[in-house]
Amino acid sequence: MQKRESGVRFMGMVIRSRISVLLFSMFSAFASLYVAGRLWQDAENRVYLAKELDRITGQGKSVLSVADSWKIIECREQQKILSGLEMELAAARQEGFVSKLLSETDKSPKRRSLVVIGILTGFGRKSNRDAIRKAWMGTGTTLKKMEDQKGIVIRFVIGRSSNRGDSLDRGIDNENALANDIFILDNHVEAPEELPNKTKLFFAQAAEHWDARYYAKVNDDVYVNIDAFADTLAAQVDKPRLYIGCMRSGEVFSEKGKRWYEPDWWKFGDGKTYFRHASGEMFVITKALAKFISINKSLLRTYAHDDISVGSWFIGLDVKHVDEKKFCCSSSWSTGALCSGV
Ligand SMILES: *[C@@H]1O[C@H](CO)[C@@H](O)[C@H](O)[C@H]1NC(C)=O
Ligand SMILES: *[C@@H]1O[C@H](CO)[C@@H](O)[C@H](O)[C@H]1NC(C)=O
C-alpha cells in the first residue's frame, strides 16, 4: 500500500514536472522568437544609427548639437541592448531552448563534406564501374565510412536514355538498387556530344545536393589514389574560388569531320590551341564555383569538349587556377601522380 501510494505520488510528480517542462519549452520557444524579432529590429536601428554617427563624426563637427549627442547616446544604448540580446540568444541556444525551427536556420546543421567526386560514366560501361568499385571507390560500408568519417562522397554520374524507361535505364536503376552509388541526372539525355552539358549539370546538381568544400569530376577510366587525393585537397589554401587540375592547352580541331572538331574554332586565338584549362580526366572546383555554375547554368555555353567548356567559364572570372601536376593522370604513379588513366 505504502509502496503503491508513493508510486502514484511519484507518477504525479513526473507528470507535473513533464507539464512544467512542456510549458517551459513553449515559453522558451516564444521567448526565442521574440528575441529573434527584436534582434532583427535592433540590427536595423543599429545600421541607421551607425550611419548617423558616421555622418556626424565624418563631417568633422567639433561641437555636437544636443540632438546629435542624444542620437549617439541612443546608439550606444541600442548597442548595449543588442549585445545583451545576442548573449541571451546564445545562452538559450546552448541550453537547447531554441525551437527546432530557429536552429534549423543555422548555417551548418550537418557537417560539411570535404569533396564530392562525380565519376562520369555511360551505358555499356558497367565493367569500368565494377573495376573502379574494386580498385579505389569501395562499396557498401566502405563507401559509407568514407563519406561519414572522411567527408569523401563518391558517385557515378549518368543521365537517362533517349528512350526513357528502356532496358538501359532499368539496368542502371537495378545496378543502383544494389550498389547505391549512382547519381542519376534525371533531366539529362545520354549522348557522347552531350558530355559538356552533362558535366555542367553534374556540378550544378551536386552543389545543390551536397554541401562540400570541393567538387571533382573524374572520367570512368581513371584510377585515383583516393587517400592522397583527399590529403592534397585538405592541404589546399581555403580560398573561395579555386580551379585545380592538370593545366594544359591542347589542339583546336578546325577541320569538319575530325574527331574533336570545334565549330567555334575561330574564337580561339590562332585557331590552333585553346587557352589554359584543367585536363578533363580529373579536376576540382570549390563550392563557390559549383554554385556559380548552378545559378548561371542557362547562360553558360558549352564547346566541343567538357574541359574546354569549364575552362571557358572560369577564364573570365576572378578564379585562382591551380596547376597541380599530381592531377596529370597520364604521368606515372612513381612521379607522385594521384590518378592514372587505364
Ligand atoms: C546543351 O544544352 C544546351 C542548352 O540546354 C542546348 O541548346 C544544346 O543543344 C545542348 N547540347 C550541346 C551539344 O550543346
Ligand atoms: C551568376 O551566379 C552568381 C553567383 O555565383 C550570381 O551572383 C549572379 O547573379 C549570377 N548571374 C546571373 C546573370 O544569373
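Figure 1. Lys291, Phe292, Ile295, Asn296 and Leu299 are the residues around ligand 2, where a residue is near a molecule if its C-beta atom, placed from the backbone, lies within 6 Å of it. This shell comprises three nonpolar, one polar and one charged residues. Ala, Val, Leu, Ile, Met, Phe, Trp, Tyr, Cys and Pro count as nonpolar, Asp, Glu, Lys and Arg as charged, and the others, Gly among them, as polar. The model is predicted; local features need pLDDT of at least 70, side-chain atom pairs count only at pLDDT 80 or more, and totals for chains, interfaces and linings use all residues. Residues are numbered from 1 along each chain as its sequence is written, while chains are lettered from A and ligands numbered from 1 in the order in which they are written.

**Figure 2. Surroundings of ligand 1.** Glu193, Glu194, Asn197 and Thr302 surround ligand 1. The shell around ligand 1 contains two polar and two charged residues and no nonpolar ones.

**Figure 3. The open sheet of seven strands.** The strands follow the order β3-β2-β1-β4-β7-β6-β8, and their pairing is mixed. Strands β3 and β8 stand at the edges with a single partner strand each, so one side of each is left without a neighbour in the sheet. On average, neighbouring strands of this sheet are turned by 25 degrees against each other, direction ignored. Strands (E, at least two residues) and helices (H or I, at least four) are DSSP runs numbered from the N terminus, and two strands pair if DSSP finds at least two bridges between them.

**Figure 4. Strand β2 and its partners.** Strand β2 (residues 152-160) has eight of its nine residues buried, so it is largely enclosed by the rest of the structure. A residue is buried if 20 or more other C-beta atoms lie within 10 Å of its own, exposed if 12 or fewer, and partly exposed in between, with C-beta atoms placed from the backbone. Strand β1 (residues 113-120) runs parallel to β2 and is joined to it by six bridges; Val116 stands opposite Val153 in β2. Strand β3 (residues 182-189) also runs parallel to β2, through four bridges, and Ile182 in β3 is the bridge partner of Phe156.

**Figure 5. Helix α7 and two packed helices.** Helix α7 (residues 195-209) packs against helix α10 (residues 306-315) at an angle of about 50 degrees, with the axes 8 Å apart. Axes are lines fitted to C-alpha atoms, for helices over the stretch in contact, and angles run from 0 to 180 degrees between N-to-C directions. The two helices α7 and α10 are therefore oblique to each other. Angles under 35 degrees count as roughly parallel, over 145 as roughly antiparallel, 65 to 115 as roughly perpendicular and the rest as oblique. The axes of α7 and helix α9 (residues 287-296) come within 8 Å and cross at roughly 115 degrees, which makes α7 roughly perpendicular to α9.

Figure 6. Asn180 lies in the loop between α6 (167-179) and β3. Although Asn180 is not a glycine, its phi is positive, at about 55 degrees. Asn180 is exposed, with 12 other C-beta atoms within 10 Å. Ser331 belongs to the loop between β8 (320-323) and β9 (339-341) and counts as partly exposed, with 16 C-beta neighbours inside 10 Å. A distance of 8.8 Å separates the C-alpha atoms of Ser331 and Gly341, which are 10 residues apart along the chain.
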